[in-house]
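Me: I am new to this structure and would like to learn how to read it, one feature after another. Could you take me through it with care?

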Amino acid sequence: MRQLHHFWLSPFSRKVRLVLAEKKLEFELKAEPVWERRDAFLSLNPAGEVPVLEEEDGTVLCDSTVICEYLDEVYTDTPLLGSDAKERAEIRRLVAWFDGKFNREVTDHLLGEKLLKRFFSTGTPDTKILRAGRTNAAYHLDYIGWLFERRNWLAGEHLTMADIAAAAQISVIDYMGDINWSKHPRAKDWYMRIKSRPAMRDILADRQASFPPSPHYADLDFE
């Protein structure tokens, strides 16, 4: 069976998990403590980063964008990158937005301060950075709401990689309880829609004993 080396709160790992689930591809999760820099893992990905996908034929794929585009090209029954050049361009623009801008301005701040500092033993959370992350999150959620008012999904009429990239980031922030959903009703409507998809079930079941999720994390009707 194919194996996905992942970290449970990595948005990029979650992105690949969602693509595999939407395409109904079976896979086994292998948790990777990237901070340990294990030789066996570095032999798969010298960058020492998750996700890494090992296909059944031994093919090893690294980087969430590379993995997701590979999966969409090889397993075509559930296309997630659009049907024409213009649609693909907009989907890729939004994937880059969430993988890059959102992750840099929001997820890195909140996840990095709340959790990764603990794992890497690099100090205590900086309240200024946490505050900046939450402020930035509000702007991004407003943008999601703006998009959803104009489209059936974020990049058009159907669920695409843009929704998956966004959901991967949002689910991490929501796990940590850093979203005031009452202030972002349209973004909440979009997230409720994607949260109810079967592909999200395993994501919503994620738990870490030392770092439990927000009380509403797995609820489909939430505040």
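Reply: Cys68 counts as buried, at 1% relative accessibility, where buried means under 20% relative accessible area, exposed over 50% and partly exposed in between, with a 1.4 Å probe and protein chains only. This is a predicted model, in which local features need pLDDT of at least 70 and side-chain atom pairs count only at pLDDT 80 or more, while totals for chains, interfaces and linings use all residues. Residues are numbered from 1 along each chain as its sequence is written, and side-chain values use heavy atoms, with hydrogens and water left out.

Me: How many disulfides does a search of the whole structure find?

Reply: A disulfide is a covalent bond between the sulfur atoms of two cysteines. The search, which takes a disulfide to be a pair of cysteine sulfur atoms within 2.5 Å, finds zero of them in the whole structure. Cys62 is in no disulfide, and the nearest cysteine sulfur to its own, that of Cys68, is 13 Å away.

Me: Which residues have the most contacts inside the largest nonpolar core?

Reply: In soluble globular proteins, nonpolar side chains tend to be buried together. A nonpolar core is here a set of buried Ala, Val, Leu, Ile, Met, Phe, Trp, Tyr and Cys residues joined through side-chain atoms within 4.5 Å. The largest one has 64 residues, and those with the most contacts inside it are Leu9, Ile170 and Trp190. Among the elements that each supply at least two residues of this core are helix 1, strand 3 (52-54) and helix 5 (127-150), where helices (H or I, at least four residues) and strands (E, at least two) are DSSP runs numbered from the N terminus. Helix 6 gives the most to this core, with 10 residues. Leu9, leaving aside its neighbours within four places in sequence, is in contact (heavy atoms within 4.5 Å) with Arg14, Leu111, Leu115, Val172, Tyr175 and Phe211.

Me: Is Val19 buried or exposed, and which residues does Val19 touch?

Reply: Val19 is found in helix 1, and it is buried, with a relative accessible area of 0%. Not counting residues up to four places away in sequence, Val19 touches Cys68, Leu71, Leu80, Met161 and Ile164. Val19 and Arg38 are 19 residues apart in sequence, and their C-alpha atoms are 27 Å apart in space.

Me: Where is the place of Glu32, and is Glu32 buried or exposed?

Reply: Glu32 sits in the loop between strand 2 (28-31) and helix 2 (39-44), and it is buried, with a relative accessible area of 3%. Its contacts, not counting residues up to four places away in sequence, are His6, Phe7, Arg38, Phe41 and Val50. Another charged residue (Asp, Glu, Lys and Arg count as charged; Ala, Val, Leu, Ile, Met, Phe, Trp, Tyr, Cys and Pro as nonpolar; the others, Gly among them, as polar) is Lys188 in helix 7, which is buried with a relative accessible area of 11%.

Me: Which residues line the largest cavity?

Reply: Rolling a probe the size of a water molecule over the atoms shows where empty space is left. On a 1 Å grid over the protein atoms alone, a cavity is a set of points where a 1.4 Å probe fits but cannot get out, a pocket is an open set with protein on both sides within 12 Å along at least five of seven lines, and lining residues have an atom within 4 Å of a point. Grid points are joined across faces, edges and corners, and a volume is the space filled by probe spheres set on the points. The structure holds two cavities of 30 Å³ or more, and the largest has a volume of about 50 Å³. Lys15, Thr65, Cys68, Glu69, Leu81, Arg92, Val95 and Met161 line the largest cavity, and helix 3 gives the largest share of that lining, three residues.

Me: What volume does the largest pocket have?

Reply: The largest pocket has a volume of about 540 Å³. Of the 24 residues that line this pocket, Ser10, Phe12, Glu49, Val50 and Pro51 lie nearest its centre. Helix 4 gives the largest share of the lining, eight residues, and by class the lining has 12 nonpolar, eight polar and four charged residues.
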